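User: I have a structure to set up and a few things to check before I start. Can we go through it together?

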Amino acid sequence: MMKISKVVVIGSGTMGSGIAAQVANAGLQVHLLDLTKDIAIGACERIKNSRPPLLMEDDCLTKIIPGSIENDIDKIKEADWVVEAVVERIDIKKSIYSKIDNLRKPGALVSSNTSSIPLKVLAEDMSDEMKKVFCITHFFNPVRYMRLLELVIGTQNDKEKISDLVTFGDKILGKTVVVCKDSPGFLGNRVGVYAMQVAMTEAFNLGLSVEEADAVFGRPLGIPKTGIFGLYDLIGIDLMSDVLKSFIKELPTSDSFHQVGTELPIIKKLIDDGYTGRKGKGGFFRMNKSSGTKVLESLNYNNYTYSESKKVNLKLPEVMDINKVLNREDVYGKYAWSIMKKTILYASSLVPDVTENFNDIDDAMKCGFNWSKGPFEILNEIGIINFISKLGKDDKIPPFIKQLLDQKKSLFSVAESSLHYFHPKKSYVPMQRAKGVINLSDIKKSSSPLFNNSSASIWEVQGSSRFICVEFHTKANALDGLTNDCLNKAYDLCNEKYDGIVLANDAMQFSAGVNLNYFYDKAVSKKFNEIDLFLNNFQQSLYQLQHATFPVISCPSGLAIGGGYEVVSQTSFVAAHSNSVLGLVETLVGLIPAGGGCKEMLRRWSNHPEIKNDPKLLSLKVFNLIGYATTVDSPSKAKAKQFLGDQDIMVMSRDRLIEEADNIIFANKENYKALESASFTLPGPTIMSEMLDILNELKDKKVIGEHGIEVGKKLGYMLSGGETNPSAILTEQDLYDLEREIFIDLIKQKSTQERIRHTLDTGKPLFN
């Protein structure tokens with residue numbers, strides 16, 4: 001197996017820069033070359049200032065070395081992998097391949113990041129030796145955040161050498177690698193664009209408004225909330241038109257893509273009038289500013305007029321529930337069924353000609369288009385027999401689905417591939433995962449939970465150790481009383497017969513915090529005792545996990561903020577995905593952390609060299625962190641803020657989070673020592689004048705308003721220990737009690753309730 005340690009990226013545009021940044025994030029040096037060094041330097045500046053940030057920490061930029069193709073092309077001689085990411089012109093690409101072939105060392109891998117040019121066209125003039133190691137590595141933008149990497153191969157490839165690149169993409173770059181054959185659109189775009197076109201044409205056929213269509217083709221079906229028309233605007237209507245023309249040109253007329261891919265008159269008119277989506281004057285939605293205020297308007301595609309967009313309530317589930325939507329006996333159920341039916345049939349028609357591993361299509365849709373479940377997972381949820389019974393007489397059943405009728409439950413049995421994805425036979429094979437991967441979605445398809453309710457579930461997992469996995473599955477994985485019940489049940493089960501607990505899920509977010517709707521409803525009903533009871537139960541469940549006699553590992557990915565971070569922070573170990581966002585943000589809604597967040601940050605900073613056992617410095621440090629609602633967007637940044645500790649690890653690949661948690665349990669299960677309860681010395685009221693100075697300065701700068709002062713004072717009172725003094729010893733329970741007291745004081749206030757309501761309605765904080 002060849003180790004890839006030196007990389008050259010040619011082309012410093014959006015994709016080339018993104019690839020270079022991700023290589024740097026992985027800790028490797030990368031040469032980024034363009035026509036001139038100044039162009040490459042400019043690309044590095046864009047990387048440095050990118051939002052969201054392409055770099056996991058600022059120091060990663062030093063690993064990207066800008067250069068020019070003319071003066072620095074010799075760097076290819078040392079490279080283990082050369083990536084071409086220049087403009088989509090075959091003549092330019094081929095001239096670069098000629099240079100690469102003359103300079104590359106034997107066995108060095110070469111790839112193109114093209115999204116549209118076939119592999120056979122790119123490779124036709126190459127030497128036979130280079131053809132063996134040349135493939136397409138199709139990253140999705142933005143490279144750091146989009147998990148999918150499509151690796152396109154042909155019959156000429158040396159499979160063993162290409163496997164090295166698959167492993168590198170998986171373990172080092174942290175991507176979900178999908179290997180597919182050389183065909184138009186590869187896998188992700190082939191199925192994803194088809195599904196989009198079905199969603200659009202069926203909406204027109206059924207006469208749905210753009211708001212109605214987006215409400216159905218969204219979260220209820222496990223699809224991002226942009227829906228179809230919002231997504232078209234986001235991508236660009238003109239760009240989508242070009243993509244469709246390419247598919248129509250490349251695909252045979254027998255392919256059912258032709259039935260939905262031809263340009264629609266409404267699309268042509270929008271483009272001709274400059275309505276190309278968000279980058280233009282608007283599209284299916286536009287922002288009208290003519291009245292002096294911004295008003296979101298939507299298009300009536302029947303008469304080509306705009307009017308104020310109205311949110312529709314179709315009484316659809318807020319989280320994915322395929323069967324509930326499909327079983328509706330109305331136009332919305334009919335719309336959802338038509339989309340899913342056609343997408344599943346189309347995806348099935350691609351097996352095995354485009355990919356031999358059907359689950360690669362699921363992974364492509366989940367990691368490239370952010371679907372919660374792929375077409376075959378949805379098929380499994382519907383039930384194959386039920387699915388077939390619902391088909392019409394004109395619906396052709398692909399051979400793969402006929403085969404599934406005989407395989408029954410073996411559809412989702414897992415077979416580990418010795419070559420990490422490659423299979424020698426052109427036949428239907430069991431679902432394959434790379435060596436070591438423990439995938440929660442696979443476990444869920446092949447077993448029943450040990451315990452579950454509407455908010456969370458517990459699954460048994462057998463890896464190197466025997467452990468249980470707690471999964472949250474509410475909207476944005478918001479925490480509530482039922483998630484708390486699940487944590488308590490997991491503790492009891494693990495005490496009986498398991499080696500440890502892992503907190504993980506396969507959703508977009510680990511947890512966006514405690515359910516704000518719950519707090520708001522209880523507050524306006526003045527049921528403050530119930531809020532206090534909930535918080536106490538939350539605190540105690542996390543306390544027992546933190547001080548358990550067995551290891552508890554949290555695996556955050558995406559948002560783990562507010563109450564979500566409080567869960568993470570009070571586990572034995574954290575295996576955090578490289579794109580985790582961690583922090584305590586409660587002050588934005590006029591509250592303070594009250595699930596142990598304040599206590600935990602005081603505990604974490606109390607032994608930090610910067611504090612030097614000074615209670616005042618300790619309180620001020622945590623006051624600034626929580627007061628500013630500080631968040632960090634990578635585990636390396638989290639360690640600098642003490643959101644993560646020395647024992648916690650960063651995992652590049654989301655697919656390998658549970659595997660790493662399993663390794664931690666295995667390494668610690670024999671001699672694990674429970675964390676001892678902490679004690680604290682805090683300054684009490686003597687520090688409040690310094691905190692007030694900070695708050696008043698922020699008010700003068702208009703960073704906070706009157707209520708911001710009030711929230712800051714309450715937070716300061718909490719973090720200074722209330723009425724304590726530096727000679728008194730406070731327990732963890734003392735701080736838990738103080739957290740709840742301050743939280744209740746704040747949520748009783750009308751200004752806090754206004755902040756919560758505003759955030760629930762707009763998704764943005766209220767300045768008051």
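User: Lys181 first: what is its relative accessible area, and is it buried, exposed or partly exposed?

Analyst: This is a predicted model. In it, Lys181 has a relative accessible area of 24% and is partly exposed.

User: Which residue does the Lys181 side chain meet in a salt bridge?

Analyst: Glu356, with an N to O distance of 3.5 Å. Lys181 sits in strand 8 (residues 176-181), while Glu356 is in the loop between helix 15 (331-349) and helix 16 (359-368), so this pair ties together parts that are 175 residues apart in sequence.

User: And Glu356, buried or exposed?

Analyst: Glu356 counts as buried, at 13% relative accessibility.

User: How many salt bridges does the structure hold?

Analyst: The count is 44. One of them joins the side chains of Arg190 and Asp255 at 2.9 Å, N to O. Arg190 belongs to helix 8 (residues 188-206) and Asp255 to the loop between helix 11 and helix 12 (258-261), so that bridge ties together parts 65 residues apart in sequence.

User: What are the relative accessible areas of Arg190 and Asp255?

Analyst: Arg190 has 5% and is buried. Asp255 has 11% and is buried as well.

User: Where does Glu600 find its salt bridge partner?

Analyst: In Lys599; the two side chains meet at 3.2 Å, N to O. Glu600 counts as buried at 0% relative accessibility, and Lys599 is also listed as buried, at 0%.

User: Why would such side chains pair in general?

Analyst: Side chains of opposite charge can pair when their charged atoms come close.

User: Which residues are linked in a network of salt bridges?

Analyst: Asp363, Lys366, Glu377, Arg433, Asp442 and Lys445 are linked in one.

User: OK, the nonpolar core. How many residues are in the largest one, and which touch the most other members?

Analyst: The largest nonpolar core has 102 residues, and those touching the most other members are Ile10, Ile228, Phe229, Tyr232, Phe284 and Tyr335.

User: What does Tyr335 touch, leaving out residues up to four places away in sequence?

Analyst: On that basis Tyr335 touches Ala199, Glu202, Ala203, Leu206, Leu208, Ala213, Val216, Phe217 and Ile228. Another core, of 81 residues, lies apart from the largest one, and its members include Leu493, Leu503, Cys598 and Ile756.

User: Is Cys598 buried or exposed?

Analyst: Cys598 counts as buried, with 0% relative accessibility.

User: Now the surface. Which residues form a nonpolar patch there?

Analyst: Leu234, Ile235 and Leu239 do, and together they have about 230 Å² of accessible area. Leu239 is in helix 11 (residues 237-250). At 40% relative accessibility, Leu239 counts as partly exposed.

User: In which loops are Pro52 and Pro142?

Analyst: Pro52 lies in the loop between helix 2 (37-48) and strand 3 (64-68). Pro142 is in the loop between strand 6 (134-139) and strand 7 (148-153).

User: Which residues other than glycine have a positive phi?

Analyst: Lys315 is one of them, with phi near 55 degrees. Lys315 is in the loop between strand 11 (305-308) and helix 14 (322-326), and counts as exposed at 72% relative accessibility. Asn613 also has a positive phi, near 60 degrees.

User: Where is Asn613, and is Asn613 buried or exposed?

Analyst: Asn613 lies in the loop between helix 25 (597-606) and helix 26 (615-627). Asn613 counts as exposed, at 69% relative accessibility.

Conventions. Residues numbered from 1 in each chain as written. Predicted model: local features only at pLDDT ≥ 70, side-chain atom pairs only at ≥ 80, totals over all residues. Heavy atoms only, no water. Core = buried A, V, L, I, M, F, W, Y, C linked by side-chain atoms within 4.5 Å. Buried < 20%, exposed > 50% of the residue type's maximum accessible area, 1.4 Å probe, protein only. Contact = heavy atoms within 4.5 Å. Patch = residues over 30% accessible without salt bridge, like charges linked within 9 Å, V, L, I, M, F, W, Y side chains within 5 Å. Areas by Shrake-Rupley, 256 points an atom, 1.4 Å probe, with all protein chains shown as cover. Salt bridge = Lys/Arg side-chain N within 4 Å of Asp/Glu carboxyl O. Helix = DSSP H or I, 4+ residues; strand = E, 2+ residues; numbered from the N terminus.
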